[in-house]
Amino acid sequence: MGHPTIYPTGTTVYNPKKAWSGYTIYQAADLGALLIDMNGREVHLWKGLRGFPNKILPGGYVLGSTAERDPNYGFQDEANLVQVDWEGNIVWKFDRYEYIEDPGHPAQWMARAHHDYQREGNPVGYFVPGQEPKVDSGNTLILAHKNVKRPNISEIELLDDTIIEVDWEGNVLWEWTCSDHFDELGFDDHAKKSLSQDPNTRYFGNNAGDWMHINSASVLGPNKFYDQGDERFHPDNIIWDARETNIIAIIDKKTGSIVWRLGPNYNEPETEHLGWIIGQHHAHLIPQGLPGEGNILIFDNGGWAGYGLPNPSSPDGVKNALRDHSRILEINPVTLDIEWQYTPTEAGFQAPLDSYRFYSPYISSAQRLSNGNTLITEGADGRIFEITREHEIVWEHISPYKNKRNSNMVYRAYRVPYDWVPQLEQPIEQEIAAIDVADYRLPGAAGRGAQSVVEIDGTISFGEGALCVARIDEVKIDKYSGGDDL
């Protein structure tokens, strides 16, 4: 998909009567963690804070990172996880997961954190009524990396995903390692073969295989399914998703066993009605107290992912599932019914021809808001927007900040209530009506209205600014070499 060179940035749509208003935090490229109000005013910047992602806590605190491991030796490893106050002072820090000795760098302890983390008191890292994350105590759940040798998976070294829980003092209290549960992941023989040959090796350091690439991990929290007696949904259990394998799973916190799973194969009778979930991000259980509670909310990216049978687009069976559009899915985890969705069709595009117009093949997220709206981060294009249950866009923001790749990508944005940031007075909310792009012009640019109008075999109507009008009653085409859509 090509993009225009000039396009509006900042907040482009805001309907105060229908939106769930508050502050939104996202990573402004290499600048830092940026907090904006509903009109797009930049109200605070934590300069230099890295958001993988940035999460704001009550009182104007932010969780993020201040340093990344040299990508020549690691992949997406954050050296630390920190909590900073309003002035940017570090009030909590974790970095003691692995002692790293990279060539040319001082030996140091690192967190090797990536993609997600949750502070005790809140299961998902965004606002939930009555479930506030702790700011001066409590444990933190962290998604991290560890390099391992697992010949039963591949002879190539693996960049494995771990989930750890640390206390306020930084002690590791609990650890779960993904490769220990390979036999529970549901790979068939074709997937095991392609995974063994190439476990998604990347061009960094020791060329280890980023075989799973888990990108979210959160606690289930209190939920109706556990209240009804389904032990799989114990509030302490953890849900995660892996973009390279198309897997979403719940692990038992006590045993580490996988007790619920979607993927990696969606051709099974019980899941084929869902269609293929590919390269997904931010799969989590909607917390109790929010509309849709108990359902799983997923940004189903599409793009490319999976291991299995080779096909013309994947001769080796790696990344063998493809789709060029994204979906937001809300799935009942017991019945596997789709309770709500936002696809290119709901976005107003004709399927399948224009489905690619809602598409972020990497990063991205979805947050359920208290009024039933959903905040969506269409990350690849730096677009954050809020929609109602009826799919109406009631707020939209485009990041104006670009990174070294000339991309305004946003990994994940979060909305929080105004009172979580007591340092600021509640802003004045001003409606921003959606513009009609057919009529919008930059200063000095001509508007609509052809300088000459020709109507074929019909009634002439004069367009604004028309200087010359002709009528043709018959057109004879001697030769046509175009396609079918004449």
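**Entry 1: the largest pocket**

I began with the largest pocket, where β1 (10–14) and β28 (393–398) each supply at least two residues of the lining. I note at the outset that the model is predicted. The volume I looked up for the largest pocket is about 1300 Å³. Its lining comprises 34 residues. Nearest the centre of this pocket I find Y7, P8, R383, E396 and I398.

I recorded 35 lining residues here, with F52, E68, Q76, R405 and M409 lying nearest the centre. Which element gives the largest share of the lining of this pocket? I find that it is β5, with three residues. By class, I list 14 nonpolar, eleven polar and ten charged residues for the lining of the second largest pocket.

**Entry 2: the largest cavity**

I then searched the whole structure for cavities of 30 Å³ or more and found three. The largest cavity contains about 90 Å³ of space. I count 14 residues in its lining, and I56, L57, G125, Y126 and P133 lie nearest its centre. The elements that contribute two or more residues to this lining are β5 (50–57) and β11 (113–119). I classed the lining residues of the largest cavity as nine nonpolar, three polar and two charged.

**Entry 3: the second largest cavity**

For the second largest cavity I noted about 40 Å³ of space. Which residues line the second largest cavity? I list R50, F52, G64, S65, E78, N80, L81, A113, H114, H115 and Y117. At least two residues of this lining come from each of β5, β6 (61–65) and β11. I find the largest share with β11, which gives four residues. The class division that I recorded for the second largest cavity is four nonpolar, five polar and two charged residues.

**Entry 4: cross-reference**

I looked up β5 again across the entries. β5 gives two or more residues to the lining of the largest cavity, at least two to that of the second largest cavity, and the largest share of the lining of the second largest pocket. I also traced F52, which is among the residues that line the second largest cavity and one of those nearest the centre of the second largest pocket.

Terms used
Residues are numbered from 1 along each chain as its sequence is written. This is a predicted model: local features need pLDDT of at least 70, side-chain atom pairs count only at pLDDT 80 or more; totals for chains, interfaces and linings use all residues. Side-chain values use heavy atoms; hydrogens and water are left out. On a 1 Å grid over the protein atoms alone, a cavity is a set of points where a 1.4 Å probe fits but cannot get out, and a pocket is an open set with protein on both sides within 12 Å along at least five of seven lines; lining residues have an atom within 4 Å of a point. Grid points are joined across faces, edges and corners, and a volume is the space filled by probe spheres set on the points. Ala, Val, Leu, Ile, Met, Phe, Trp, Tyr, Cys and Pro count as nonpolar, Asp, Glu, Lys and Arg as charged, and the others, Gly among them, as polar.
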